[in-house]
Amino acid sequence: MRHPRSRGTASSGNRRGGRATGVRRQVLVLGGTGEGRRLASTLVAAGGWRVLYSLAGRVREPAVPVSCAVRVGGFGGPEGLAAFLRDERIDVIVDATHPFAARMSASAATAASATGLPLLMLRRPGWREQPGDTWHRVRSLPAAVDLLADFTTAAASQADVAPRVFLTTGRTDLALFASLHRPWFLSRSVEPPDGPTPPHLTVVLDRAPFDVAGETELLRRHAIDVVVTKDSGGTMTAAKLTAARDLSLPVIMIDRPPPPPGVLLAATIDDAVTWLTTHAPTSGRG
Ligand code: NAP
């Protein structure tokens, strides 16, 4: 089993004493991902842990792990989170939020530092381009908007039809694309958009996992010209990339924000469990 890659020492190691047999350690899992749910369930099943699973509250009927306490809603920034960690007597934090949930991750790093608690970030690997793919990597969502504007201008000069874009960046990012008046957008999200949107928009409400047959049919039915996606990684939403490859469609791939400096990273649930089992401290509560 591979030890998680260390990006520094700020949050690594056992700061509050060794592991005590028979003492349950209290872990806060910042969730919102399949990995977060599976980690929480794995720890509950393993025993020796009190698991508190936290969600932002963006989705009305969220998927939650079985048999563990769930809390919903923001903490009120890093100070609020630090107070929560003290009040709830948390021993260790796992940031298992989405790779693009940069504010929560930054807040977790600051609060971990302020409280002296160990923090592990569980991050699934990003996607890799494969033969047959035509990906255009961009560093941020605004850069994707710029590239899409260029792309649709070029397409418009070739044909007098509006380019058709499959946008899978999520409803909260739709507003960034609202200034693009020419393309027609197909957007997919779990909840309907509630902010500004591009003028030519069709919304599909759906929840992962998606398969290649379904994604291919969706791209064909809507005569999509280009796919725009965040580099979320994982298997749940990867089928659209296979479908785009099969249909020779270009993909605008938005890079992840970097993790906060110094935070310890685990790429898999097994790595996270191994680290937690061997490194997480206990505050000595029974
Ligand atoms: P964000 O911009 O980093 O978070 C915004 C604020 O929401 C945070 O500052 C925090 O509020 C609160 N928050 C976020 N995650 C939380 C959690 N797990 N528990 C409690 N509060 C949380 O993140 P986001 O993009 O809004 O994502 C929100 C949630 O949706 C995350 O759990 C993430 O895993 C999930 N998600 C995000 C994406 C995406 O593309 N961004 C995709 C799928 C799922 P306070 O500052 O008040 O503490």
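**Around the ligand and beyond**

In this predicted model, serine 232 is placed in the loop between strand S10 (226-230) and helix H6 (239-246). Is serine 232 buried or exposed? Its relative accessible area is 10%, and because buried means under 20% relative accessible area, serine 232 counts as buried. The side chain of serine 232 is joined to that of histidine 98 by a polar contact of 3.2 Å.

Histidine 98 leads on to the ligand. The ligand is surrounded by 21 residues, and histidine 98 is listed among the closest, together with Gly31, Ser54, Phe75 and Lys230. By residue type, this shell holds 9 polar, 8 nonpolar and 4 charged residues. Which elements of the fold each supply at least two residues of the shell? These include strand S2 (49-55) and helix H3 (102-115). Helix H3 gives the most, contributing 3 residues.

Several polar atoms can be followed from the protein to the oxygen atoms of the ligand. A polar side-chain atom of lysine 230 is found 2.5 Å from a ligand oxygen. The backbone takes part as well: a polar backbone atom of methionine 104 lies 2.8 Å from an oxygen atom of the ligand, and for a polar backbone atom of alanine 102 the distance to a ligand oxygen is 3.4 Å. How much of the ligand does the protein bury? Taken alone, the ligand exposes 800 Å², and 79% of that is buried by the protein.

Arginine 71 lies over the face of phenylalanine 84, at 5.2 Å from the ring centre. Over the face of tryptophan 184 lies arginine 164, and here the distance to the ring centre is 3.9 Å.

Glycine 36 counts as buried because its relative accessible area is 0%. Along the chain, glycine 36 and aspartate 95 are 59 residues apart, yet their C-alpha atoms are separated by 8.1 Å.

Alanine 208 and proline 209 are joined by a cis peptide bond, with omega at about 10°; proline 209 is in the loop between strand S9 (201-205) and helix H5 (212-221). Serine 67, in the loop between S2 and strand S3 (69-72), has a positive phi near 60°. At 65% relative accessibility, serine 67 is exposed. Serine 248 is found in the loop between H6 and strand S11 (250-254), and its phi is also positive, near 55°. With a relative accessible area of 58%, serine 248 is exposed, because the cut-off for exposed is over 50%.

Notes: Residues numbered from 1 in each chain as written. Predicted model: local features only at pLDDT ≥ 70, side-chain atom pairs only at ≥ 80, totals over all residues. Heavy atoms only, no water. Near = heavy atom within 4 Å. Polar contact = N/O pair within 3.5 Å; in protein donor to acceptor, adjacent residues only side chain to side chain. Areas by Shrake-Rupley, 256 points an atom, 1.4 Å probe, with all protein chains shown as cover. Helix = DSSP H or I, 4+ residues; strand = E, 2+ residues; numbered from the N terminus. Nonpolar A, V, L, I, M, F, W, Y, C, P; charged D, E, K, R; others polar. Lys NZ or Arg CZ within 6 Å of the ring centre and 35° of its normal. Buried < 20%, exposed > 50% of the residue type's maximum accessible area, 1.4 Å probe, protein only.
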